[in-house]
Amino acid sequence: MLESQREAVPPNDGGELDTGLAFLSFARSCVLKKVAGLNEEQLRRRLVVSDTTLLGLVQHLTHAELYWFGYTFAGDPRYADVDLDMVVGPDRSPDQVIADYRAAIADSDAHLIAAAGPTVLTAQPVGDAPRTLRWVLAHMTSETVRHAGHADILRELIDGTTGR
């Protein structure tokens, strides 16, 4: 099947944080494309045995952004105990879930842009020791890319739309 949402990978190669942020932003935009144009029933449709839905993936990634960049990197205690669950309550509208993701992305980007460089250490330890911003950026990019792949499959099952 021809990919209907094809987008080129970013050409950024101007430094470690520039390149890292460009690829994370690309993965985030791929996730947002997968939810664009769908109605609430489609966004909440459960197509696999787990509770994974397109809307649930967005909620999960929102909380992951808050946890990894807000709490782990920046030390904001508000995000220490975010719920990484993929079940979106019926009281949360798709528009709100997506807006929350966009806001979390903006906050994360602000932390990245303000950082003195990729070797800055996290405010909170990961396991038994602090990690670098480089590590958090790589981890969050891999998390987003993995879930963008899940979103690709769910979107194709919903309406046949394909591509990154």
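Mentor: Gladly; we will take the words one at a time. This is a predicted model, where local features need pLDDT of at least 70, side-chain atom pairs count only at pLDDT 80 or more, and totals for chains, interfaces and linings use all residues. Residues are numbered from 1 along each chain as its sequence is written, and side-chain values use heavy atoms, with hydrogens and water left out.

Trainee: Why is T52 called buried?

Mentor: Buried means under 20% relative accessible area (1.4 Å probe, protein chains only). T52 has 15%, so T52 counts as buried.

Trainee: What makes the pair of T52 and S50 a polar contact?

Mentor: A polar contact is a pair of N or O atoms within 3.5 Å, one able to donate a hydrogen and the other to accept it. The side chains of T52 and S50 make such a contact at 2.8 Å.

Trainee: How do you know that helix 3 is largely enclosed by the rest of the structure?

Mentor: Of its 20 residues, 19 are buried, so helix 3 is largely enclosed.

Trainee: Why are helix 1 and helix 5 called roughly parallel?

Mentor: Angles between N-to-C directions run from 0 to 180 degrees, and those under 35 degrees count as roughly parallel. Helix 1 (residues 16–35) and helix 5 (residues 133–159) pack at about 25 degrees, with axes 9 Å apart, which makes them roughly parallel.

Methods:
Buried < 20%, exposed > 50% of the residue type's maximum accessible area, 1.4 Å probe, protein only. Helix = DSSP H or I, 4+ residues; strand = E, 2+ residues; numbered from the N terminus. Parallel < 35°, antiparallel > 145°, perpendicular 65-115°, else oblique.
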